[in-house]
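Subject: Structure handover

Dear colleague,

Here is the structure I said I would pass on, with the sequence alongside. My notes follow below, and I would be glad if you read them with the model open.

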Amino acid sequence: MTGLPTRRNVLAGGAGLVAASMLTTGSMAASAPTPETRAIPWELAAAMPGVCLKTSGHPWERTDDLLQAMKEAGFTWLRTRYTSSAHDALVLYGSNGIQLQLIAGDPMDSVRPADHVQSVIDGGLVPYVLGFEGANEWNLKEREAWVQELLLHQSELYRAVKGDPTTRHSAVIGPALGMVKDYDLWGFRAEL
């Protein structure tokens, strides 16, 4: 790799020091594709400019201004929760070279991960998608069975992404745990 790595380059070929749970993919189902887990060197991860972005409310609806700011800052990707109301903004970012890491809801959503993935497919966003991410900060919900709920949700997400020929080459990214805690309870999930 020469020059500043893109996130897709790093996801496609890195190996190294970052905890593998950061980019964990897989499934518990016996009939699902073979799970894969990759770790990337921290130096490469730190060199991937991106932004976590809300897609609704003030000032986030100023998509043209935000797109310009992202380009000026050198951001190549954004992380946001996928909702149908964000579709137009996501198309704008994607069609202007910003790749999308889409958070696919949470374990208690009535919209299941397969529905999220199908909405992304139906909305024509797949060419812009860098990866699908599990639930955000579910460990902070103070639910007794949060680990089991998150495990089921992440497994559903993996099966939905890898089970569709349109998305099967997309990354499935592990859930983000909030407040830099509970990693001991979540554990290393190479089977996901």
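Two strands are taken to pair if DSSP finds at least two bridges between them, and helices (H or I, at least four residues) and strands (E, at least two) are DSSP runs, numbered from the N terminus. In that sense Leu102 stands opposite Phe132 in strand 4, and Gln101 has Gly131 in strand 4 as its bridge partner. Strand 3 (residues 99–103) and strand 4 (residues 129–133) pair in the parallel sense over four bridges.

Please bear in mind that this is a predicted model, in which local features need pLDDT of at least 70 and side-chain atom pairs count only at pLDDT 80 or more, whereas totals for chains, interfaces and linings use all residues. Residues are numbered from 1 along each chain as its sequence is written, and side-chain values use heavy atoms, with hydrogens and water left out.

The chain has seven helices and five strands, which run α-α-β-α-β-α-β-α-β-α-β-α from the N terminus on. The five strands form an open sheet in the order 1-2-3-4-5 with parallel pairing; its edge strands, each pairing on one side only, are strand 1 (50–52) and strand 5 (171–173). From one strand to the next, the twist averages 20°.

Of the 192 residues of the chain, 47% count as buried, meaning under 20% relative accessible area with a 1.4 Å probe and protein chains only. Because five of the five residues of strand 4 are buried, strand 4 is largely enclosed by the rest of the structure.

As for helix packing, helix 5 (residues 113–122) and helix 6 (residues 146–162) pack at an angle of about 35°, with their axes 8 Å apart; here the axes are lines fitted to C-alpha atoms, for helices over the stretch in contact, and angles run from 0 to 180 degrees between N-to-C directions. Pro113, Ala114 and Val117 in helix 5 meet His153, Glu156, Leu157, Ala160 and Val161 in helix 6, where contact means heavy atoms within 4.5 Å. By class, this contact of helix 5 with helix 6 has six nonpolar, one polar and one charged residues, with Ala, Val, Leu, Ile, Met, Phe, Trp, Tyr, Cys and Pro counted as nonpolar, Asp, Glu, Lys and Arg as charged, and the others, Gly among them, as polar.

Finally, among contacts in the chain between residues at least 6 apart in sequence, 71% join residues at least 24 apart.

With best wishes

Key
Buried < 20%, exposed > 50% of the residue type's maximum accessible area, 1.4 Å probe, protein only.
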